[in-house]
Amino acid sequence: MAKIPHRFYLTEEQMPKQWYNLRADMKEQPAPLLNPATFKPIQEEDLYPIFCEKLAHQEIDSQTRYFDIPEEVLDMYKIFRPSPLCRAYNLEKELGTPAKIYYKFEGNNTSGSHKLNSAIAQAYYAKDQGLTSLTTETGAGQWGTALSEACAYFGLGLDIFMVKGSYEQKPFRKAVMEVFDGNVIPSPSMTTQVGKKILADKPNTTGSLGCAISEAVEKAVNTPNCRYVLGSVLNQVLLHQSIIGLESKKAMEILGEYPDVVVGCAGGGSNLGGLISAFMQDKLLGKSNTRFVAVEPASCPSLTRGKYAYDFCDTGKITPLAKMYTLGSGFIPSANHAGGLRYHGMSPILSKLYDDGYMEAVSYEQTKVFEAAVKFAKCETILPAPESAHAIKGAIDEALKCKESGEAKTILFGLTGTGYFDMKAYSEYLAGTMTDYIPSDEDLQKGFDTLPQIK
Ligand SMILES: *Cc1c(COP(=O)(O)O)cnc(C)c1O
């Protein structure tokens with residue numbers, strides 16, 4: 001076979017036309033969502049006030065293996081997909097590893113991340129149901145940007161509650177969202193009851209994703225023809241992101257490859273869940289023995305140091321409860337630079353797979369992550385997002401293990417996005433002023449103390 005190209009693209013005909021629902025092949029299901037008022041398992045209809053109906057259905061449906069991707073969604077996917085499967089020849093050489101390193105690059109759109117994959121789907125279903133506007137939260141800003149693009153495309157209004165710390169750090173992110181008519185509100189804000197309450201308790205808080213979610217949900221349920229959408233964590237989001245893994249698998253198949261190890265960064269779990277889905281199917285069906293590695297920041301270690309328990313998805317405790325690896329909805333992580341990885345919980349699907357031993361997890365301090373980011377940028381000419389750089393660091397460490405053992409393994413990692421809005425962080429790293437913060441057991445205990453007591 002000819003030499004594998006540096007960047008490989010599927011043709012339009014080869015692109016997947018369906019999303020894959022990983023739950024359909026899990027022997028044991030993730031625990032059901034619970035109603036926050038009664039603590040009873042949620043029915044699909046219970047979700048209708050918050051989510052639009054088709055998405056509520058996707059959230060609950062654990063049986064349907066494949067969902068057709070609507071034509072309108074495919075049409076917009078074609079503008080920026082397929083994303084390339086890249087072979088990191090230069091990085092392999094730099095590391096002196098016998099391993100083959102592949103990465104799936106999702107940063108080739110204005111949101112600079114994989115988040116557009118789900119934003120388009122969610123905006124489409126909202127439009128299809130006749131809704132006129134949406135609300136959401138955003139941390140680092142990628143999700144807010146992706147959803148602004150999607151809402152502008154489908155003609156929907158959008159209020160975005162942006163974690164105040166990022167709002168102040170990344171004014172240009174706000175400007176990009178405004179290009180796409182998104183209305184950006186720093187969170188916590190005085191525009192919601194829950195925001196007012198959080199500000200009364202902690203006037204100087206820089207906010208958290210959990211707070212912003214509470215505000216966005218409150219706004220949605222109090223606005224006619226409006227629903228709330230979430231960029232990660234939920235089953236529906238992992239379903240939409242399965243496109244990443246389906247494309248990767250198909251591309252590798254054509255190239256005659258199959259990964260021994262798949263590595264991804266884990267914030268709420270959507271890119272990782274999407275990347276691994278098609279490969280995890282093979283593992284669940286006993287057809288492969290691929291290893292899956294989740295990489296998270298040492299400052300927000302939900303998988304590696306969290307508890308597997310029912311918890312609220314937001315700080316205001318108004319969303320359904322999910323059983324997941326969590327640091328407690330009251331946990332507010334230190335100001336690390338990977339804004340998209342600062343969530344207290346983790347996708348219930350990934351949490352279950354991790355708890356059942358199908359997946360591993362590691363955590364790294366941010367200075368180590370930026371060291372990997374800079375090395376990667378020089379080799380591959382892509383400036384990675386700090387979130388994505390966690391996966392790079394994980395993949396580099398796997399490749400270095402191969403160097404020691406002499407094994408020529410095939411490694412696939414998810415390069416979720418670009419880091420042009422994170423240059424303050426890069427500058428700090430290069431100036432040597434970046435610090436690492438690892439929460440103590442006592443710090444984590446404060447978060448665990450906020451876990452609800454479920455009988
Ligand atoms: C949001 C984001 C992540 C983390 O979110 P997941 O839901 O865990 O995928 C990772 N990388 C980038 C670039 C992001 O924007």
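Reader: What does the side chain of Ser 270 have to do with the ligand?
Author: In this predicted model, an N or O atom of the Ser 270 side chain sits 2.7 Å from an oxygen atom of the ligand.

Reader: How much of the ligand does the protein bury?
Author: The protein buries 98% of the 380 Å² that the ligand exposes when taken alone.

Reader: And what about Asn 271 and Gly 267, how far are their polar atoms from a ligand oxygen?
Author: For Asn 271, a polar side-chain atom lies 2.7 Å from an oxygen atom of the ligand. For Gly 267, a polar backbone atom is 2.7 Å from a ligand oxygen.

Reader: How many residues surround the ligand?
Author: There are 19. The closest are Lys 115, Ser 232, Gly 267, Asn 271 and Thr 416.

Reader: How do the shell residues divide into nonpolar, polar and charged?
Author: The shell has 13 polar residues, 4 nonpolar and 2 charged.

Reader: Which helices supply at least two residues of that shell?
Author: Those are α11, residues 270-284, and α15, residues 386-405.

Reader: What kind of space does the ligand take?
Author: A cavity, and the largest one.

Reader: Switching to the whole protein. How many helices and strands?
Author: 17 helices and 15 strands.

Reader: What does the C-alpha trace span?
Author: Along the principal axes, about 60 × 50 × 45 Å.

Reader: Why does the radius of gyration agree with a compact globule?
Author: Because a compact globule of 455 residues would have a radius of gyration near 23 Å, and the protein has 20 Å.

Terms used:
Residues are numbered from 1 along each chain as its sequence is written. This is a predicted model: local features need pLDDT of at least 70, side-chain atom pairs count only at pLDDT 80 or more; totals for chains, interfaces and linings use all residues. Side-chain values use heavy atoms; hydrogens and water are left out. A residue is near a molecule or strand if one of its heavy atoms lies within 4 Å of it. A polar contact is a pair of N or O atoms within 3.5 Å; within protein, one must be able to donate a hydrogen and the other to accept it, and residues adjacent in sequence count only if both atoms are side-chain atoms. Accessible areas come from the Shrake-Rupley method with a 1.4 Å probe; for residues, only the protein chains shown count as cover. On a 1 Å grid over the protein atoms alone, a cavity is a set of points where a 1.4 Å probe fits but cannot get out, and a pocket is an open set with protein on both sides within 12 Å along at least five of seven lines; lining residues have an atom within 4 Å of a point. A molecule sits in a cavity or pocket if more than half of its atoms lie within 2 Å of its grid points. Helices (H or I, at least four residues) and strands (E, at least two) are DSSP runs, numbered from the N terminus. Ala, Val, Leu, Ile, Met, Phe, Trp, Tyr, Cys and Pro count as nonpolar, Asp, Glu, Lys and Arg as charged, and the others, Gly among them, as polar. The radius of gyration is taken over C-alpha atoms; the globule rule is 2.2 Å times the number of residues to the power 0.38.
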